[in-house]
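The structure is shown first, and the description follows.

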Amino acid sequence: MQPLEYAVTGLDLDQKTILDAAVGAGRATAFWAEKLSGDRASSRIIGVDIDLPKEWRRRIKERLGENMKYVELVEGDIFNLDFLANESIDIVSCADTIIFLNDKPLRFLQALQEFKRVLVPGGDLIITSEYSSEDMGPGEGQWHRWRLSKCIFELIGKTWSVEPEPREVKKALEILGFDITGERDFPAVKIKNYGETMDEWKNSMQEKVKEMAWSEEFRKTIAAEVNKVYEQVLDEGYLLGPAKYIIKARKKLAGRSGMLWETGLK
Ligand SMILES: C[S@@+](CC[C@H](N)C(=O)[O-])C[C@H]1O[C@@H](n2cnc3c(N)ncnc32)[C@H](O)[C@@H]1O
């Protein structure tokens, strides 16, 4: 079974408002929207992303085609979903995104707290996330891509991604007042159609290299390394999608909010 098939298994998708956090290239959005076509056409998806330039909106629309009618795209920050009222969402899908929400230890808890706020009591939160790239084994272009991305961000004082372990995510959810309703692992897969992802990666990394406050020679060395990794991944003929896990959680119907509430975290 594909990860996203497992994500929707057992969910009632009739007359639901679904939050897709974050949209990115729209892969998960397209999957959920497809599930809404036909009998569940009364449901809708609100797709949020902090970065939704025109070109990406166009690509997402192209990817979804007809099914775009179920989706509203909103530029917004997962850490502050103020445009959504308390208890206004039935299902939150957070696909391949929490690793980018964890630049400081426990930072992603703030996002989970926001998901809890907008979810109706008994609402479902489905988290799909990557295991650490360390598990991929050396020699794979994808491994180099992840390591190099992390290094480049470090060199400009930022954090590219931090992969929380499933037990950290589960603990965080329990603290915040969710019940864990399902969990499954998925092995790494070879992705064949990845040219666009790599082009986007190369361009964004070259932009970051320009931000480095180091010598021109050093910037040139790093920029050349980006090109080398790009070529390596293209030569390999596939992009190794890392092993993933899915954690399904349900907001408790009532009761204590948990420790974070008491510590003042929103
Ligand atoms: C890997 S992509 C998500 C993939 C997407 N779910 C899919 O299935 O194609 C991660 C996305 O998270 C977004 N993002 C990162 N931090 C965010 C934040 N604080 N609020 C909203 N979106 C954020 C990035 O802009 C990026 O588009």
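## Backbone features in the loops

Gln15 is located in the loop that links α1 (3-8) to β1. The model discussed here is a predicted one. Although Gln15 is not a glycine, its phi is positive, at about 50 degrees. Is Gln15 buried or exposed? It counts as exposed, because 11 C-beta neighbours lie inside 10 Å, and the limit for that class is 12 or fewer.

A positive phi is also found at Glu87, a residue other than glycine, where the value is near 50 degrees. Glu87 belongs to the loop between β3 and β4 (89-95). With 14 other C-beta atoms within 10 Å, Glu87 is partly exposed. The two residues are set out below.

| Residue | Phi | C-beta atoms of other residues and class |
|---|---|---|
| Gln15 | about 50 degrees | 11 inside 10 Å, exposed |
| Glu87 | near 50 degrees | 14 within 10 Å, partly exposed |

A further backbone feature concerns the peptide bond from Ala21 to Ala22, which is cis, with omega near 10 degrees. Ala22 lies in the loop between β1 and α2.

## The sheet

Seven strands form an open sheet with mixed pairing, in the order β3-β2-β1-β4-β5-β9-β6. Its edges are β3 (71-75) and β6 (178-186), each of which pairs on one side only. From one strand to the next, the twist averages 15 degrees.

Strand β1 (residues 17-21) runs parallel to β2, and five bridges join them. In this pairing Ala21 stands opposite Val48 in β2. Strand β2 (residues 44-49) also pairs with β3, again in the parallel sense and over five bridges. Here Asp49 is placed opposite Glu75 of β3. How many of the six residues of β2 are buried? Five of them are, so β2 is largely enclosed by the rest of the structure.

## Nonpolar cores

The largest nonpolar core has 47 residues. Those with the most contacts inside this core are Leu19, Val48, Val92, Leu112, Leu125 and Ile127. Helix α4 (residues 107-118) contributes the largest share of the core, six residues. Which residues does Ile127 touch, not counting those up to four places away in sequence? They are Cys94, Ile98, Val169, Ile246 and Ile247. Another core, of nine residues, lies apart from the largest one, and Val226, Val229, Tyr230 and Leu239 are among its members.

## Surroundings of the ligand

The ligand has 19 residues around it, of which Ala22, Gly24, Arg27, Ala28 and Ile50 come nearest.

Note on methods
Residues are numbered from 1 along each chain as its sequence is written. This is a predicted model: local features need pLDDT of at least 70, side-chain atom pairs count only at pLDDT 80 or more; totals for chains, interfaces and linings use all residues. Two strands pair if DSSP finds at least two bridges between them. Helices (H or I, at least four residues) and strands (E, at least two) are DSSP runs, numbered from the N terminus. Axes are lines fitted to C-alpha atoms, for helices over the stretch in contact, and angles run from 0 to 180 degrees between N-to-C directions. A residue is near a molecule or strand if its C-beta atom, placed from the backbone, lies within 6 Å of it. A nonpolar core is a set of buried Ala, Val, Leu, Ile, Met, Phe, Trp, Tyr and Cys residues joined through C-beta atoms within 7 Å. A residue is buried if 20 or more other C-beta atoms lie within 10 Å of its own, exposed if 12 or fewer, and partly exposed in between; C-beta atoms are placed from the backbone. Two residues are in contact if their C-beta atoms, placed from the backbone, lie within 7 Å.
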